[in-house]
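Reader: I have a new structure to look at. Can you walk me through it?

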Amino acid sequence: MSKPVKVALLGCGVVGSQVARLLQEQADDLAARVGAPLELAGVAVRKMSRKRDVDLDPELLTTDAHALVTRPDVDVVVEVIGGIEPARALILAAMAEGKSIVSANKALLAEDGATLHAANRADLYFEAAVAGAIPLIRPLRESLAGDRVHRVLGIVNGTTNYILDKMDSTGASFTDALEEAQSLGYAEADPTADIEGFDAAAKAAILAGIAFHSRVTAADVHREGITGVSASDVASAKAMGYVIKLLAICARSDDGRSIGVRVHPAMIPRSHPLAGVREAYNAVFVEAESAGRLMFYGAGAGGAPTASAVLGDIVAVARNRIAGTRGPSESVYADLSVHPMGETVTRYHVSLDVADKPGVLATVAEMFSRHDVSIQTVRQEGRGDDAQLVLVTHRASDAALSATVEGLRELDIVRAVASVMRVEGDEAP
Ligand SMILES: NC(=O)c1ccc[n+]([C@@H]2O[C@H](COP(=O)([O-])OP(=O)(O)OC[C@H]3O[C@@H](n4cnc5c(N)ncnc54)[C@H](OP(=O)(O)O)[C@@H]3O)[C@@H](O)[C@H]2O)c1
């Protein structure tokens with residue numbers, strides 16, 4: 001056995017309390033796996049008086065996080081505070097002292113990962129930052145390091161998946177499904193980060209950067225949330241054999257020279273593996289040249305599941321310290337640019353309220369053809385003087401589809417463009 005590896009824990013909330021619990025409860029196994037005991041050196045919190053979901057020696061608690069991370073005896077700093085500051089300053093202070101870092105902070109990594117990677121002198125591991133318990137960062141960074149990833153397509157936000165799943169299975173409105181998610185603790189009192197797609201966008205940026213060996217930040221990600229998804233969109237998707245999911249999509253362009261990174265609700269066929277991801281579960285589908293299609297599935301959040309990923313990282317960085325080595329550092333050699341959303345090519349589901357009279361279909365079809373968007377299927381339902389026209393297109397650029405929709409809005413016979421949604425996941429393999 002080597003001498004103990006000392007771990008400073010920043011934050012003792014949902015995730016931190018479970019990390020502290022597991023470090024204590026599994027101490028013997030962890031020591032055997034690492035080759036040295038993992039010793040909790042201190043736990044930084046904001047309020048000493050708060051009740052914790054873990055039995056802790058009160059002597060370990062401190063409100064002076066900076067003093068803790070710069071203590072000479074600390075080897076590993078685990079940041080589970082969240083947010084940009086003081087998390088960034090604390091990590092940088094720890095890095096300056098040569099500590100190994102484990103973080104679950106997707107917001108910070110997606111906003112300013114470059115600064116952290118540049119300052120890093122030991123290890124920076126962040127498996128828990130994307131999709132909680134699901135191993136994704138290490139498979140992308142290490143297991144697939146010899147392959148060429150074409151696309152990463154995933155459900156990376158449990159709250160929105162829960163809401164959309166409820167809407168699909170019960171016909172509930174968005175508002176009712178959100179209220180239920182809040183009452184069950186799946187959504188926060190302020191659900192903005194989840195329902196507006198910010199959380200998923202941060203994860204998409206991190207995944208894209210690793211998968212395509214390029215630097216991607218949250219600002220590069222095209223983001224649309226789920227607040228505009230209506231019960232009738234869900235019903236229309238269902239009628240066509242589709243389900244609506246909030247997807248994070250990171251994909252190489254057809255010529256391979258740039259990447260698209262986007263988060264938005266999309267229809268996927270019910271036969272697609274991601275369609276079966278119910279409730280608050282997460283899943284990520286990776287398509288690589290040699291490996292083919294891989295799917296990673298599991299709990300994307302929660303104290304214990306997220307702590308599992310954090311513990312895996314602590315073990316990894318502790319092993320590296322003992323071996324006098326470090327894990328893979330940031331890989332951005334490919335330096336691919338992120339193309340504008342208008343250049344993204346996909347399929348679309350367009351629902352129109354139109355006048356029910358002869359020639360309407362031909363006029364609408366002409367507008368699609370004027371912008372080079374070809375129609376795959378059309379369904380029409382009459383409703384008295386009105387009709388609903390539902391069209392699904394072949395692959396077209398987002399810019400061409402936007403121009404088509406603008407043109408449709410100008411037409412007298414189109415009373416309203418009821419919804420426009422992208423269709424993903426049913427291209428030929
Ligand atoms: N919750 C999840 O399911 C989940 C899943 C994946 C990733 N994550 C990530 O994990 C991180 C932590 O999330 P969480 O849900 O555990 O958050 P949380 O429950 O709000 O806990 C945050 C902890 O940080 C402490 N803290 C806040 N400001 C501090 C400061 N200035 N100095 C020292 N301590 C401070 C808080 O102290 P007090 O307790 O005294 O207020 C609290 O213990 C975030 O980056 C989050 O994105 C969370």
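Reader: What share of the 429 residues in the protein is buried?
Author: Buried residues make up 55% of the 429. Buried means under 20% relative accessible area, exposed means over 50%, and partly exposed is in between, with a 1.4 Å probe and protein chains only as cover.

Reader: Where does the model come from?
Author: It is a predicted model: local features need pLDDT of at least 70, side-chain atom pairs count only at pLDDT 80 or more, and totals for chains, interfaces and linings use all residues. Residues are numbered from 1 along each chain as its sequence is written, and side-chain values use heavy atoms, with hydrogens and water left out.

Reader: How many helices and strands?
Author: The protein has 14 helices and 18 strands. These are DSSP runs, numbered from the N terminus: helices are H or I with at least four residues, strands are E with at least two.

Reader: Why call it as compact as a globular protein of that length?
Author: The radius of gyration is 24 Å, close to the 22 Å that the globule rule gives for 429 residues, so the protein is as compact as a globular protein of that length. The radius is taken over C-alpha atoms, and the rule is 2.2 Å times the number of residues to the power 0.38.

Reader: What box do the C-alpha atoms fill?
Author: Roughly 85 × 45 × 30 Å, along the principal axes.

Reader: And the contacts: how many join residues at least 24 apart?
Author: 73%, among contacts between residues at least 6 apart in sequence. Contact means heavy atoms within 4.5 Å.

Reader: Now the ligand. Which residues are closest?
Author: Cys12, Lys47, Arg50, Arg52 and Gly302 are the closest of the 22 residues that surround the ligand. A residue counts as near if one of its heavy atoms lies within 4 Å.

Reader: How does that shell divide into nonpolar, polar and charged?
Author: It has 11 nonpolar, 6 polar and 5 charged residues. Ala, Val, Leu, Ile, Met, Phe, Trp, Tyr, Cys and Pro count as nonpolar, Asp, Glu, Lys and Arg as charged, and the others, Gly among them, as polar.

Reader: What about the backbone of Gly13?
Author: A backbone N or O atom of Gly13 lies 3.1 Å from an oxygen atom of the ligand. For Val14 the distance from a backbone N or O atom to a ligand oxygen is 2.9 Å. A polar backbone atom of Val15 is 2.8 Å from an oxygen atom of the ligand.

Reader: How much of the ligand does the protein bury?
Author: 79% of the 900 Å² that the ligand exposes when taken alone. Areas come from the Shrake-Rupley method with a 1.4 Å probe; for residues, only the protein chains shown count as cover.

Reader: Switching to Glu424. Buried or exposed?
Author: Glu424 is buried, at 1% relative accessible area. Its place is in the segment after strand S18 (414-423).

Reader: What does the Glu424 side chain join?
Author: A polar contact of 2.8 Å joins it to the side chain of Arg262. A polar contact is a pair of N or O atoms within 3.5 Å; within protein, one must be able to donate a hydrogen and the other to accept it, and residues adjacent in sequence count only if both atoms are side-chain atoms. Glu424 also touches other residues, including Arg151, His264 and Thr346.

Reader: Next, H4. Why is it largely enclosed?
Author: 7 of the 10 residues of H4 are buried, so it is largely enclosed by the rest of the structure. Among the buried ones are Leu90, Ile91 and Met95.

Reader: What covers them?
Author: The cover includes strand S1 (5-10), helix H3 (65-69), S4, strand S5 (100-103), helix H5 (106-119) and S6.

Reader: And Leu92?
Author: Leu92 is in helix H4 (residues 87-96). Leu92 is partly exposed, at 27% relative accessible area. Leu92 touches Thr115, Leu116 and Ala119, not counting residues up to four places away in sequence.

Reader: Where is Pro86?
Author: In the loop between strand S4 (76-79) and H4. A cis peptide bond joins Glu85 and Pro86, with omega about 10°. Most residues other than glycine have a negative phi, and most peptide bonds are trans.

Reader: Which phi does Ala131 have?
Author: Near 60°, a positive value in a residue other than glycine. Ala131 is buried, with a relative accessible area of 1%.

Reader: And Glu279?
Author: Phi of Glu279 is near 50°, also positive. Glu279 is partly exposed, at 35% relative accessibility.
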